[in-house]
Amino acid sequence: MSGKTTIGKIVADKLNFIFCDTDELIAKEKKNSISEIIKKNGKAHFRNCEKKLIEKHAFINSHVISIGGGAVNMETKNIIKNYQYRVWLKCSIDKLVSRYKPNKDKRPLLYNIDNIETELKKTFVERSIFYAECANILIDSSGDCLDSLVEEVLLNINEKN
């Protein structure tokens, strides 16, 4: 709930790029929700679907791709490094918890968790190693001003050109 999809759509629109969200693409391809895909086929199957999409889009220009947080891992990090701009929207745990609560049905790997804050902290520690290794742009997305976050992403992209 760092804002990947929301910010990604706006950035893509401003750049006249195509926006892709790996979760949305997988759900559409499998004709099922991510929750159902994981329930029926397991987390490993879902991660494999993510990896295939990440590989497919690695050398396509004019796309903004929102990759699920767990998709950045040991198997995908070297593929992701082929993307020209790799933005890590880093968000505080407190803000993630507040954003998660109204959207808990859309977060299949966090359902039926007793303590969301503890789980998010644990997950963040595990994943942040890969995020830090892959990202070439770091944005603090804890703020609620969408326009300023989008502008910050665009400024960072322009600086890298």
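A disulfide is a pair of cysteine sulfur atoms within 2.5 Å. By that criterion, this predicted model holds zero disulfides.

Select C49 first. C49 takes part in no disulfide, and its nearest cysteine sulfur, that of C20, is 16 Å away. Display the surface around C49: is the residue buried or exposed? Its relative accessibility is 11%, and buried means under 20%, so C49 counts as buried.

Next, select C91 together with C145. The closest cysteine sulfur to that of C91 belongs to C145, at 14 Å, which is too far for a bond. C91 has a relative accessibility of 9% and therefore also counts as buried.

Now switch to a cartoon view of the chain. Eight helices and four strands make up its secondary structure. Followed along the sequence, these elements run α-β-α-α-α-β-α-β-α-α-β-α.

With the C-alpha trace displayed, the principal axes of the chain span about 45 × 35 × 25 Å. How does the radius of gyration agree with that of a compact globule? For 161 residues, such a globule would have a value near 15 Å, and the chain has 15 Å.

Among contacts with a separation of 6 or more, 69% join residues 24 or more positions apart. Of the 161 residues, 40% count as buried.

The chain exposes about 9500 Å², of which carbon and sulfur atoms supply 50%. There are 27 positive and 22 negative side chains, and the centres of the two sets lie 4 Å apart.

How values were computed: Residues are numbered from 1 along each chain as its sequence is written. This is a predicted model: local features need pLDDT of at least 70, side-chain atom pairs count only at pLDDT 80 or more; totals for chains, interfaces and linings use all residues. Side-chain values use heavy atoms; hydrogens and water are left out. Helices (H or I, at least four residues) and strands (E, at least two) are DSSP runs, numbered from the N terminus. The radius of gyration is taken over C-alpha atoms; the globule rule is 2.2 Å times the number of residues to the power 0.38. Buried means under 20% relative accessible area, exposed over 50%, partly exposed in between (1.4 Å probe, protein chains only). Contact means heavy atoms within 4.5 Å. Accessible areas come from the Shrake-Rupley method with a 1.4 Å probe; for residues, only the protein chains shown count as cover. Lys and Arg count as positive and Asp and Glu as negative; His and the chain ends are not counted. The place of a charge is taken as NZ of Lys, CZ of Arg, CG of Asp or CD of Glu.
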